[in-house]
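Work through these exercises with the model open beside you. Try each task before you read its solution.

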Amino acid sequence: MAELRADVAADSPSLNNSSNNSGVASQSNNPLSRKLNKILETRLDNDKEMLEALKALSAFFTENSLRTRRNLRGDIERRSLAINEEFVQVFKEVKE
């Protein structure tokens, strides 16, 4: 992972110019750079919650297409709503 970041840094024109120190500061403040670095630094084998989330996602996200990626959030929200409705229904039965 560190090698990849070093390669990206070496290819960046703002980092190769030693007189342009503001480029380094602006790159570290760039939200996209921060997100990318966070993803690259993630160790999935140590992050049990992330592994569980990916396993749950893989149960119903089987096709990686443009349509399924666009509908992923809606699918997750519908599944969450169905689970919550089921919980409420079971809770009502227990209450009665």
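pLDDT is the predictor's confidence in each residue, from 0 to 100. This is a predicted model, in which local features need pLDDT of at least 70 and side-chain atom pairs count only at pLDDT 80 or more, while totals for chains, interfaces and linings use all residues. Residues are numbered from 1 along each chain as its sequence is written, and side-chain values use heavy atoms, with hydrogens and water left out.

**Exercise 1. Judge the confidence of the protein chain.**

Step 1. Take the average: the mean pLDDT is 77. Of the residues, 71% reach 70 or more.

Step 2. Go to the elements. Helices (H or I, at least four residues) and strands (E, at least two) are DSSP runs, numbered from the N terminus. Confidence is highest in helix H6 (residues 66–95), with a mean of 94. Helix H1 (residues 2–11) has the lowest mean, 44.

Step 3. Check the start of the chain. The pLDDT is below 50 over residues 1–21. Where pLDDT is low, the predicted coordinates should not be read in detail.

**Exercise 2. Describe the fold elements and the burial.**

Step 1. Count the elements: the protein chain has 6 helices and 0 strands.

Step 2. Turn to burial. Buried means under 20% relative accessible area, exposed over 50%, and partly exposed in between (1.4 Å probe, protein chains only). Of the 96 residues, 7% count as buried.

**Exercise 3. Find the aromatic pair and classify it.**

Step 1. Recall the rule. Rings of Phe, Tyr and Trp (its six-membered ring) pair if their centres lie within 6.5 Å; planes under 30 degrees apart count as stacked, over 60 as edge-to-face and the rest as tilted.

Step 2. Search the whole structure: 1 aromatic pair turns up. The ring centres of phenylalanine 87 and phenylalanine 91 are 6.2 Å apart and the planes stand at 15 degrees, so this pair is stacked.

Step 3. Phenylalanine 87 and phenylalanine 91 lie 4 residues apart in helix H6, so about one helical turn separates them. Both are exposed.

**Exercise 4. Which residues form the salt bridge?**

Step 1. Use the cut-off: a side-chain nitrogen of Lys or Arg within 4 Å of a carboxyl oxygen of Asp or Glu.

Step 2. The whole structure holds 1 salt bridge. Aspartate 75 pairs with arginine 78, and their closest N and O atoms are 2.5 Å apart.

Step 3. Compare accessibility. Aspartate 75 has 27% relative accessibility, so it counts as partly exposed. Arginine 78 has a relative accessible area of 53%, so it is exposed.

Definitions and conventions: Contact means heavy atoms within 4.5 Å.
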